Amino acid sequence: MTGKKAHKIAAELEKLFPVAKTELNFQNIFQLLVAVVLSAQSTDRQVNKVTEKLFLFVKEPRDLLDMGEEELSRQIRSLGLYRNKARNLIKIAEILDREYHGQVPDSFAELLKLPGVGPKTAEVIVGVGFNKPSFPVDTHVFRVARRLGLSKARTPEGVSFDLKKIFPPNSWIDLHHRLIFFGRRICKAQKPSCNICPFPEFCQKEESDV
Ligand code: SF4
């Protein structure tokens, strides 16, 4: 990996997607945490549809506890794994209310202790919510980073580790968003639009998609 290649990838992605931000809607960090937990195996659009109504009532952990697991399940039932998600969100709300004065912690290690919160979710909360350096790796970032030869790691954590070594910390979260956009719109899992890809010389799709 050369600095020139990393620079070209970052610069081209910025040209393609100048606005780098999450497509999930939220008004505070607790709502961001709820939205990210809901987004597992669901699209941002599906989540936004659900949270448009849910967030009228849910602004802090206490609101979720007042709502209760049954009503929460009912409100999010259009999403995959909704029973699991409702159970985890109620447990999260209980822990935040009891141990963190209703606030979402800003530390990766503390976030990982919450039920249903894995490394990707924790990195999103730290990076998007608290604006601290983090490089979350979802399915798009994982696929694209490997296709572009930025990492050969076989786990999201390994890819995140490699990307953090290549790019400067102040670019991580924007690059995360741009790699997602690139993966959703151009370097799609099935039938990528290679005819409009600015990186044909870097492509390692054949080796990385095995
Ligand atoms: S050439 Fe196609 S598969 Fe390769 S990185 Fe570009 S869009 Fe993805």
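Read along the sequence, the protein follows the pattern α-α-α-α-α-α-α-α-α-α-α. The model is predicted. It holds 11 helices and 0 strands. The radius of gyration is 18 Å, close to the 17 Å that the globule rule gives for 210 residues, so the protein is as compact as a globular protein of that length. The C-alpha trace spans about 55 × 30 × 30 Å along its principal axes.

A domain annotation covers part of the chain. UniProt, in an unreviewed entry, places the feature "domain: HhH-GPD" at residues 38–185.

One helix pair was examined in detail. Two packed helices are described by the angle between their axes and the distance between the axes. Helix α8 comprises residues 139–147, and helix α10 comprises residues 172–185. Their axes come within 8 Å and cross at roughly 85°. Angles of 65 to 115 degrees count as roughly perpendicular, and α8 and α10 are therefore roughly perpendicular to each other. On the α8 side, the contact is made by H140, V141, R143 and V144. On the α10 side, H176, L179, I180, F182, G183 and R184 take part. By class, the residues of this contact divide into 5 nonpolar, 3 polar and 2 charged.

For "binding site", the unreviewed UniProt entry lists C187, C194, C197 and C203. These positions are spread over 17 residues of sequence, yet they cluster in space. The largest C-alpha distance among them is 10.2 Å. C194 is placed in the loop between α10 and α11, the latter helix being residues 205–208. C203 is also placed in the loop between α10 and α11.

The ligand shell includes these cysteines. C187, C194, C197 and C203 surround the ligand together with L148, P192 and K205. By class, the shell has 6 nonpolar residues, no polar residues and 1 charged residue. Cys and Pro count as nonpolar here, as does Leu, whereas Lys counts as charged. K205 is thus the charged member of the shell.

How values were computed:
Residues are numbered from 1 along each chain as its sequence is written. This is a predicted model: local features need pLDDT of at least 70, side-chain atom pairs count only at pLDDT 80 or more; totals for chains, interfaces and linings use all residues. Side-chain values use heavy atoms; hydrogens and water are left out. UniProt positions are given in the numbering used here, feature names are shortened, and annotations may be inferred rather than shown by experiment. Axes are lines fitted to C-alpha atoms, for helices over the stretch in contact, and angles run from 0 to 180 degrees between N-to-C directions. Helices (H or I, at least four residues) and strands (E, at least two) are DSSP runs, numbered from the N terminus. Angles under 35 degrees count as roughly parallel, over 145 as roughly antiparallel, 65 to 115 as roughly perpendicular and the rest as oblique. Contact means heavy atoms within 4.5 Å. A residue is near a molecule or strand if one of its heavy atoms lies within 4 Å of it. The radius of gyration is taken over C-alpha atoms; the globule rule is 2.2 Å times the number of residues to the power 0.38.
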